[in-house]
Amino acid sequence: LHRPLSARALDVKGNTPLHRLVEDRPYRLTEREAIQVCVAAAPEATDLTNHEGETPLSIAISNKLPLENGLDLLATAGAVRRRDKNGLYPFQLAAAQDGRVAINTTYFLLSKAPDLLMIH
């Protein structure tokens, strides 16, 4: 990014550019690189929630962003432990999706925080 401060800017819904990037997915052929740039410019954005209580990770999971396309870059220690507005951890949100991406994502997220399985 030419203006790193813009990576921290919030829109009217509380979204950072990273939230919007994983929601709209405008750069499908190079989205990993786009996510890397956003994360490098504002690493704290990975843990921020918008006004809907969504992190970039939860949005990426809902939009079935594959790990190799950048979802792994969003799975910080804070983000994998943050429940969404429905009380689900990211691994639970991923498990509720369908398809191969959901299986891979669920396994990856559980491997980042296996202790979440022990929480009641």
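The model is predicted: local features need pLDDT of at least 70, side-chain atom pairs count only at pLDDT 80 or more, and totals for chains, interfaces and linings use all residues. Residues are numbered from 1 along each chain as its sequence is written, and side-chain values use heavy atoms, with hydrogens and water left out. The chain has 7 helices and 0 strands. Helices (H or I, at least four residues) and strands (E, at least two) are DSSP runs, numbered from the N terminus.

**Overall fold**

- Along the sequence the pattern reads α-α-α-α-α-α-α.
- The radius of gyration is 14 Å, close to the 14 Å that the globule rule gives for 120 residues, so the chain is as compact as a globular protein of that length. That radius is taken over C-alpha atoms, and the rule is 2.2 Å times the number of residues to the power 0.38.
- The C-alpha trace spans about 45 × 30 × 20 Å along its principal axes.
- Of the 120 residues, 41% count as buried. Buried means under 20% relative accessible area, exposed over 50%, and partly exposed in between (1.4 Å probe, protein chains only).
- Among contacts between residues at least 6 apart in sequence, 65% join residues at least 24 apart. Contact means heavy atoms within 4.5 Å.

**Nonpolar core**

- The largest nonpolar core holds 30 residues, of which Leu-18, Ile-35, Leu-57, Leu-74 and Leu-109 touch the most other members. Such a core is a set of buried Ala, Val, Leu, Ile, Met, Phe, Trp, Tyr and Cys residues joined through side-chain atoms within 4.5 Å.
- Helix 1 (17-24), helix 2 (31-41), helix 3 (56-62), helix 4 (71-74), helix 5, helix 6 and helix 7 (100-112) each supply at least two residues of this core.
- Helix 2 gives the most, with 5 residues.

**Leu-57**

- Leu-57 lies in helix 3. Its relative accessible area is 0%, so Leu-57 is buried.
- Leaving aside neighbours within four places in sequence, Leu-57 contacts Leu-71, Leu-74, Ala-75, Ala-79, Val-80, Pro-90 and Leu-109.
- The C-alpha atoms of Leu-57 and His-19 are separated by 8.3 Å, with the two residues 38 apart along the chain.

**Helix 2**

- Glu-31, Ala-34, Ile-35, Cys-38, Val-39 and Ala-41 are the buried residues of helix 2.
- Seen down the helix axis, these residues fall within an arc of 165 degrees, so they line one face of helix 2. The arc is that of the directions from the helix axis to the C-beta atoms.
- The buried residues of helix 2 pack against helix 1 and helix 4.

**Positive phi**

- Most residues other than glycine have a negative phi.
- Arg-25 is not a glycine, yet has a positive phi of about 45 degrees. Arg-25 sits in the loop between helix 1 and helix 2. At 8% relative accessible area, Arg-25 is buried.
- Lys-64, also not a glycine, has a positive phi of about 55 degrees. Lys-64 is in the loop between helix 3 and helix 4. At 35% relative accessibility, Lys-64 is partly exposed.

**Asp-84**

- Asp-84 is in the loop between helix 5 (77-80) and helix 6 (90-95).
- Asp-84 is buried but has no salt bridge. A salt bridge is a side-chain nitrogen of Lys or Arg within 4 Å of a carboxyl oxygen of Asp or Glu.
- The nearest side chain of opposite charge is Lys-85, 7.7 Å away. Lys and Arg count as positive and Asp and Glu as negative; His and the chain ends are not counted.
- Leaving aside neighbours within four places in sequence, Asp-84 contacts Gly-53 and Leu-93.
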